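Here are my notes for your first read-through. Keep the model open beside them.

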Amino acid sequence: MTASALTELAITILFGALVSGTPLLFATIGEIVSERSGVMNLGIEGMMLIGAMSGFATWVNLSQNGHMSSVNGLVIGLFVGAVFGSLLALLHAFITITLRADQVVSGLCVTFLGTGLSSILGEHYVGLVAPKPSNLTLPVLGSVSGEQLVLILLGAVIAPLTWYYVNRTRPGLNLRSVGEYPSAADSLGINVYRIRYLYVLFGGAMSGLGGAAMSLITDPGWVDGKTSGLGWIAVGLVIFAAWDPLRGLWVAYFFGLLRRLPLDLQNPALPFISTANNPSVGRFMDMLPYIATIFILIIGSREAMRKRLGAPAALGTPYIRGERGV
Amino acid sequence: MKRFFASHRLRIETRLDNPGWLGAASSILGVVLALIVGGVVLKAAGASDPIATYQAILKEAFGTFADWKAGFSALLNHQACPKGMLCFGPLSDTLVKTSPILLTTLACIVAFRMKLWNIGADGQMFFGAWAATAVAVFILPKTTDRPVMLAAMALAGILAGALYGAIPGFLKAKLNINEIITTLMMNYIAYKWLEFFVVVGPWSIGDFESTGNFPASATWPRLTQYVKSIPAFAGLTAHPGIFLGIAAAILLAWILYRSRWGYQIRVIGENPKAARYAGINLGRNIILVMALSGALAGLAGMNEVAALRILSGRFQRGYGFTGVIVAWLARLNPIAAILVSFLFGGLLVGTKLIQPQGIASMLQGVILFVVVGTELLFRYRVRVEKVDHSILPSSGESHDS
């Protein structure tokens with residue numbers, strides 16, 4: 001194997017990692033922002049699924065029937081996915097912020113509901129023809145999909161923008177204050193409920209967008225349970241990213257790499273470590289992302305103890321105006 | 001209408017009393033609302049008549065009175081079930097589904113009582129099924145006596161499940177790692193683990209993606225085996241696993257309400273700070289309760305393989321999640337869980353043949369949502385009250401509800 005062929009292989013694998021990490025990145029950023037406002041949403045998996053299903057269905061109905069070009073259909077599909085994700089999040093917001101029910105249980109509900117709804121409503125879309133990625137030939141990268149490239153760039157821009165918004169702007173300060181000390185924020189005239197609603201909806205939209213990006217661009221098509229636990233991995237990444245969108249970026253890409261690894265290793269061109277002749281080992285490798293999530297949580301918890309990083313102080317507690325507490 | 005909204009507002013205040021009827025009321029309300037919402041979704045998904053769909057589910061799950069009557073008369077007259085009647089067939093299928101649901105529900109109940117969110121009953125069940133299979137097919141000889149074999153399988157399932165549950169418990173107790181994520185990740189690890197063994201790996205026989213049939217001693221006896229002496233049992237697959245579930249429910253109820261340990265579990269769940277002041281060891285209890293939770297789920301896995309008589313790549317996922325919902329609907333009461341599990345077993349059986357496929361999980365999601373939403377009836381009183389504008393400086397300002 002020549003050096004140039006190896007470089008090419010490495011670029012393919014890295015590009016693949018960025019591609020498969022980007023939906024995860026969207027969901028992770030959405031959850032970071034939502035948790036920064038004090039609301040934990042464990043419904044990411046459900047919101048991603050409903051986003052993936054609705055986005056794919058939209059694309060199929062729009063472009064397969066010749067109503068519009070495939071690319072326009074993609075954009076609208078992503079948008080619809082985000083809208084449906086935020087609709088589910090609205091339910092979570094109502095239950096946890098207005099009705100003050102337990103955030104953990106409500107988040108689980110969102111996941112159950114999203115899983116069931118996407119399975120019912122998406123029944124007719126299973127296995128339908130998926131959007132074909134267009135091919136671009138670029139220097140260095142070689143032949144890549146244009147849509148995937150745009151998606152990666154979108155993710156790479158959103159992460160620092162979110163960081164800036166959260167850490168350096170006035171609305172970002174309000175967001176953090178609501179998550180750390182809502183009664184103090186309230187006394188300064190910040191509408192705690194409104195802000196929490198807003199960012200929970202944002203989190204839902206990002207999860208829905210991530211799901212739709214999956215079913216439309218990163219691995220096109222719809223099957224039941226498409227996200228296979230990615231939403232839950234995102235919940236874990238938020239903790240490891242220490243609620244920092246920029247850290248979230250790297251962690252999501254790393255997981256993209258891990259998720260692709262079993263696939264990449266099947267490549268017979270790979271020297272020494274190819275699993276092409278050993279499919280049962282490849283099956284074993286499928287466990288990697290899940291094992292890795294547990295491991296980063298272990299590492300993350302030690303680091304958190306050392307650096308005294310912590311969750312937003314009011315995370316998980318409903319705010320009740322006029323009652324004692326944070 | 002506009003004037004009504006301007007002069008009234010929703011007020012949520014803390015409830016001081018806690019009437020007993022609320023629990024049952026909110027569970028029933030949850031089911032009713034879920035059926036309504038489910039009907040709307042079914043309509044949207046293209047079903048022509050949701051009520052007919054529900055009736056079909058009910059018939060498929062429990063049979064009709066005519067079926068039961070025919071079944072009873074066949075049983076009394078020592079005859080087979082008349083042709084064209086289902087007799088006890090649906091009930092038997094539902095009972096078969098009830099036992100794994102009940103056991104995973106109990107697994108969730110014991111953990112949830114301590115506010116430990118064990119979402120990994122599914123994985124623990126898979127691991128229990130794997131261990132029970134290892135004992136039945138690969139460790140003990142085929143000629144082992146049935147009681148010995150089943151007991152060994154149950155023990156293996158319990159131990160494997162307990163170990164698999166104790167790991168996230170340990171991580172939670174020692175490193176304060178969120179048990180929701182770890183148990184969930186371990187679900188996927190267990191799925192892949194099982195797939196590795198029975199689909200491509202060392203346990204798969206030929207191209208069947210399974211271990212092949214278990215030796216007869218490693219299976220639950222089914223009612224249909226006694227068809228020679230009782231003809232009405234023809235085709236019924238009901239097995240004694242349900243008694244295992246009921247016994248576990250009673251044992252768990254005893255632990256929770258009558259034993260010192262159960263008291264500690266409930267105190268930690270209600271108020272961990274008070275528990276700590278009272279000298280209850282939180283960390284040890286977290287690990288123990290997660291192990292007990294995993295053990296119950298592992299037993300569910302053993303029960304399921306002994307009923308299926310084979311371990312294949314299509315081993316059913318999702319019982320652990322159904323357990324979460326049933327646990328909540330039963331208000332974390334092990335005895336109530338028996339009844340709710342039976343109803344949910346019916347839901348699973350009844351929706352098996354009905355399109356669209358996801359209806360069971362959607363209904364479960366909606367039920368849980370409504371039950372959680374009405375949870376607030378326990379803690380708060382919702383009141384619509386008149387706003388007296390004469391004491392407010394201006395009516396332009398909106399109010400937070």
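Which residue stands opposite A:L136 in β2(A)? Point 2 answers this.

1. **Ground rules.** This is a predicted model: local features need pLDDT of at least 70, side-chain atom pairs count only at pLDDT 80 or more, and totals for chains, interfaces and linings use all residues. Residues are numbered from 1 along each chain as its sequence is written, while chains are lettered from A and ligands numbered from 1 in the order in which they are written.

2. A:L136 faces A:V144. Strands β1 (135-138) and β2 (142-145) of chain A pair in the antiparallel sense over four bridges. Strands are DSSP runs of E, at least two residues; helices are runs of H or I, at least four. Pairing requires at least two DSSP bridges. Three residues separate β1(A) from β2(A) in this hairpin. In the turn, A:V140 has a positive phi of about 65°.

3. **The contact between chains.** Chain B puts in 41 residues and chain A 40. Contact means C-beta atoms, placed from the backbone, within 7 Å. On the chain B side, α8(B) gives the most, with eleven residues.

4. **The core.** The largest nonpolar core has 222 residues. Such a core is a set of buried Ala, Val, Leu, Ile, Met, Phe, Trp, Tyr and Cys residues joined through C-beta atoms within 7 Å. Buried means 20 or more other C-beta atoms within 10 Å of the residue's own. Helix α12 (282-308) of chain B gives the most, 16 residues. B:V289 is among those with the most contacts inside the core. Beyond its neighbours within four places in sequence, B:V289 touches residues including B:V110, B:M114 and B:I265.

Conventions
Contact = placed C-beta atoms within 7 Å. Buried ≥ 20, exposed ≤ 12 C-beta atoms within 10 Å, placed from the backbone.
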